[in-house]
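Subject: A structure for you to look at

Hello,

Here is the structure I promised to pass on to you. Have a look at it first, and then read my notes below.

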Amino acid sequence: MRSLIYLALLSLSALASAASTKPNIIVILADDIGYGDFSCYGAHRAATPHVDKLAAQGLRFTDAHCAAATCTPTRYALMTGEYPWRKKGTGILPGDAALIIPPGSYSLPAMLQKAGYKTAAVGKWHLGLGSETGAQDWNKEIKPGPREMGFDYSFLIPATGDRTPCVFVENQRVVGLDPSDPLAVGYKSPVGSEPRGSDHPELLKMKYSYGHDQTIVNGVSRIGTMAGAKAARWVDEDIADTLATKAVAFIAQQSKAQPFFLYFATHDIHVPRMPNARFVGKSGMGPRGDALLEFDFQVGEVLAALEKQGIADDTLVILSSDNGPVLDDGYQDQAVTALGNHKPAGPLRGGKGSNFEAGTRVPFIVRWPGHVTPGTSDALVCQIDFIASLGALVGLGKPAGTAPDSLNILPALLGLSPVGRDHLVEDASRRSLRMGQWKYIPGLPGKGKGKNNGRGGNGNETGNADEPQLYDLATDLGETTNLAAKMPSKVAEMQARLVEIMK
């Protein structure tokens with residue numbers, strides 16, 4: 001008993017010490033990188049030395065999650081502390097969507113701004129821009145946007161690399177736009193007369209496998225159409241370098257005026273996978289593997305910038321991914337044929353969009369020298385808890401009615417406690433529930449596996465079934481043995497808890 005009391009007091013002392021100094025905070029959010037993609041998580045074919053260095057110097061989590069199995073919902077939850085299924089319109093957004101987080105909301109950047117932080121968002125956005133879907137004037141300041149959410153600076157891919165518009169937006173204006181060549185974007189109604197992938201496959205340097213057949217930009221056909229802005233269009237092979245340069249510049253600018261918060265959301269390894277020439281062929285796994293190396297390079301650039309500015313010890317770095325892995329996600333890029341024995345999901349089942357664990361269980365590393373003891377943690381943690389946990393770190397509590405699903409798990413994030421959440425709702429085509437070692441996926445009679453033997457358009461197992469599913473992840477991490485029929489009382493308990501949470 002005395003030893004437990006001592007450990008508790010030690011943890012409280014460590015938390016108090018951490019809160020007494022506000023660290024810089026960097027959240028690096030990868031795109032579509034799975035639990036088994038990094039070498040520090042067991043991968044053997046693609047070396048990720050910079051991520052591995054971060055893991056060796058920090059705390060690597062084995063049961064960490066994003067809030068949803070796809071990108072926009074995850075980003076919404078990370079920013080708001082609210083499960084995305086609680087709000088209509090938080091699914092995967094088109095490239096011309098309106099901002100889905102109302103201006104003035106209590107968001108992660110707004111909270112840190114209130115705590116005295118300079119805030120920046122660099123990279124993939126995919127939370128919408130403007131006040132009305134499809135009505136943005138891309139040739140003027142586009143608002144509301146990141147500024148109205150609490151970001152002092154932003155340099156963005158508006159949606160995703162495979163969606164129009166294929167331009168960067170800095171501080172809510174299109175970068176390099178020639179006023180005499182205005183930008184138009186069309187989703188409901190096509191714009192412009194430029195060649196499309198569906199009509200001119202001979203113009204493509206990377207062919208599509210499904211969807212992605214509209215306006216061709218840089219030899220790649222996209223989802224959606226666009227016209228104009230020829231001088232402003234990005235070159236896919238240079239995106240990683242551009243984003244890393246902007247992130248490093250912000251770090252250098254703010255290094256003498258701490259504290260700062262940087263949300264660095266990379267494009268890698270989302271499609272189209274078009275890594276820079278210096279990475280091409282280096283992984284032996286085609287463009288997906290090469291893009292993984294490119295992601296690792298970007299992590300290295302951020303870590304090197306912290307060292308150069310002498311602020312590595314003053315900076316809390318969190319690295320994670322927005323959802324599980326996917327191979328064929330709409331382009332013929334050898335992701336399947338060149339995979340070999342690499343397992344993007346590691347020992348997990350499913351992937352991006354799936355109800356199985358690989359849909360939301362993702363890499364998650366926390367480093368803060370002198371405050372986070374290096375090692376491994378099995379605590380159940382989630383990105384949705386950033387608001388409550390980082391708020392506690394900087395001395396702010398949640399105002400009533402905000403971030404309703406965000407829990408303060410700061411002791412777990414800092415490695416002061418082996419315990420994180422006691423439950424988590426995983427969001428895909430079903431709302432599944434984690435409680436400790438148990439995983440419950442509701443059944444939906446008449447809407448089970450469906451086409452392709454229960455696989456989605458991207459080839460991942462959906463996890464859909466007519467009957468409920470119950471897995472003991474302590475002994476069956478791969479979710480191979482459904483225990484629901486043998487343990488009806490456990491199913492009933494978890495179903496009741498899920499209904500209670502969803503109210």
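One term before we start: two strands count as paired if DSSP finds at least two bridges between them. Please also keep in mind that this is a predicted model.

Let's begin with the sheet. It is open and built from 10 strands, in the order S6-S5-S4-S3-S11-S1-S12-S13-S2-S14, with mixed pairing. At its edges stand S6 (173–174) and S14 (375–382); each has a single partner strand, so one side of each is left without a neighbour in the sheet.

Next, which strands does helix H2 lie across? H2 (residues 49–57) lies across S2, S12 (315–321) and S13, and makes an angle of about 60° with S13. Helix H3 (residues 71–80) lies across S1 (24–30), S3 (118–124) and S11 (260–265), at about 170° to S11.

Now for the empty space inside. Rolling a probe the size of a water molecule over the atoms shows where such space is left. The count comes to 3 cavities of 30 Å³ or more.

- The largest cavity holds about 80 Å³ of space. Helices H6 (239–254) and H7 (286–308) each supply at least two residues of its lining, and H7 gives the largest share, with 3 residues. The lining divides into 6 nonpolar, 2 polar and 4 charged residues; among them are Asp 236, His 267, Arg 273 and Glu 294.
- The second largest cavity holds about 50 Å³. Its lining has 7 nonpolar and 3 polar residues, and no charged ones. Trp 138, His 126 and Pro 94 are among the residues that line this second cavity.

Finally, is helix H8 enclosed or open to the outside? Of the 8 residues in H8 (residues 386–393), 7 are buried, so the helix is largely enclosed by the rest of the structure. Buried here means under 20% relative accessible area. The buried residues of H8 are Phe 386, Ile 387, Ala 388, Ser 389, Leu 390, Gly 391 and Leu 393. After H8 comes Gly 395, with a positive phi near 85°.

Enjoy exploring it!

Best wishes

Methods:
Residues are numbered from 1 along each chain as its sequence is written. This is a predicted model: local features need pLDDT of at least 70, side-chain atom pairs count only at pLDDT 80 or more; totals for chains, interfaces and linings use all residues. Side-chain values use heavy atoms; hydrogens and water are left out. Helices (H or I, at least four residues) and strands (E, at least two) are DSSP runs, numbered from the N terminus. Contact means heavy atoms within 4.5 Å. Axes are lines fitted to C-alpha atoms, for helices over the stretch in contact, and angles run from 0 to 180 degrees between N-to-C directions. On a 1 Å grid over the protein atoms alone, a cavity is a set of points where a 1.4 Å probe fits but cannot get out, and a pocket is an open set with protein on both sides within 12 Å along at least five of seven lines; lining residues have an atom within 4 Å of a point. Grid points are joined across faces, edges and corners, and a volume is the space filled by probe spheres set on the points. Ala, Val, Leu, Ile, Met, Phe, Trp, Tyr, Cys and Pro count as nonpolar, Asp, Glu, Lys and Arg as charged, and the others, Gly among them, as polar. Buried means under 20% relative accessible area, exposed over 50%, partly exposed in between (1.4 Å probe, protein chains only).
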